[in-house]
Amino acid sequence: MLAVNELSKSYDQEAMSLKDISMEIEKGEITVIIGPSGAGKTTLLRSLNQLIKDDQGEILIDGLDVRTLNRSKMRQMRRKIGMVFQNYNLIEPLTVLENVLHGTLGGKPTLLGILSIYSDKEQQEALALIKEMGLEEFAFKQCKDLSGGQKQRVGIARALMKHPQIILCDEPVASLDPKSATLVMDILRSLAIEKKMTIVVTLHQVELAKEYADHIIGLRAGSVVFDGPSSALDVAAIRTIYD
Ligand SMILES: Nc1ncnc2c1ncn2[C@@H]1O[C@H](COP(=O)(O)OP(=O)(O)OP(=O)(O)O)[C@@H](O)[C@H]1O
Ligand SMILES: [Mg+2]
């Protein structure tokens, strides 16, 4: 589904942020990328949908190298990928429903009276996703009045509006308390199992990674130092990644 071959990236001449990264990510699985701060987790995730350009290597999505796509093919490819962010990236003064509608394919301009530019079908779909995320009672509340965990679920609903096949999440639970973090991870797990989505998540919490990941990739100083099922992530492997 998603394969990376010998991907390297440096932001400047001196330091390589990603060094010869190769990995395969399967459909319907949760792949968690762990590693110390500065290891290259965000860089790798952002490379996957070409938010940053790479120096060399291949990124194959369904067999197509995303680094060689022209603009219209790139747009098609991006439609397959939803993003979820640590800081939610919501428009705080807008309602939950308005923020979720913002994820609609094609993106529409943010104008006053935003609801009127979305079709009934889009609004019904957004409301259904809001319900799925357990946020029914908040649909017409402003996002600024929500808790972190609730905001993150709005972020997931927004990502789902364009029916992605892949969801990339950069530290989606780093700002959340353990209970809210579990709730968000449970949602990601159900998207993988029930909707067969490909989920790639960066996490700082090794315990959460072990609990939720089908597949763990350990990065250290830009290199893959662990790649295996979560059951194989033992104390020695954790030391290799973090010590
Ligand atoms: N825009 C940038 N310009 C220059 N160097 C950068 C830039 N972004 C990241 N880096 C460098 O690339 C390396 C990897 O950074 P990255 O943000 O991918 O790490 P990370 O694993 O996500 O860390 P964290 O856990 O703190 O989020 C670091 O050495 C960082 O300083
Ligand atoms: Mg990061």
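Modeller: A word on terms before we start: buried means under 20% relative accessible area, and exposed means over 50%, with partly exposed in between. This is a predicted model.

Biologist: How many disulfides does the structure hold?
Modeller: The count is 0.

Biologist: Is Cys143 buried or exposed?
Modeller: Cys143 is buried, because its relative accessibility is 0%. Cys169 is buried too, with a relative accessible area of 0%.

Biologist: Changing topic. How many salt bridges are there?
Modeller: There are 5. One of them joins the side chains of Lys80 and Asp62, at 3.2 Å from N to O. That pair links distant parts of the chain, 18 residues apart: Lys80 lies in the loop between α2 and β6, and Asp62 in the loop between β4 and β5.

Biologist: What is the accessibility of those two?
Modeller: Lys80 is partly exposed at 24%, and Asp62 is partly exposed at 42%.

Biologist: Which residue does Glu92 pair with?
Modeller: Lys151, with the closest N and O atoms 3.2 Å apart. The two are 59 residues apart, Glu92 in the loop between β6 and α3 and Lys151 in helix α5.

Biologist: Is Lys151 buried or exposed?
Modeller: Lys151 is buried, at 12% relative accessible area, whereas Glu92 is partly exposed at 27%.

Biologist: And what does Lys144 meet in a salt bridge?
Modeller: Asp145, at 3.4 Å from N to O. Asp145 is exposed at 52% relative accessibility, and Lys144 is partly exposed at 44%.

Terms used
Residues numbered from 1 in each chain as written. Chains lettered and ligands numbered in written order. Predicted model: local features only at pLDDT ≥ 70, side-chain atom pairs only at ≥ 80, totals over all residues. Heavy atoms only, no water. Disulfide = S-S within 2.5 Å. Buried < 20%, exposed > 50% of the residue type's maximum accessible area, 1.4 Å probe, protein only. Salt bridge = Lys/Arg side-chain N within 4 Å of Asp/Glu carboxyl O. Helix = DSSP H or I, 4+ residues; strand = E, 2+ residues; numbered from the N terminus.
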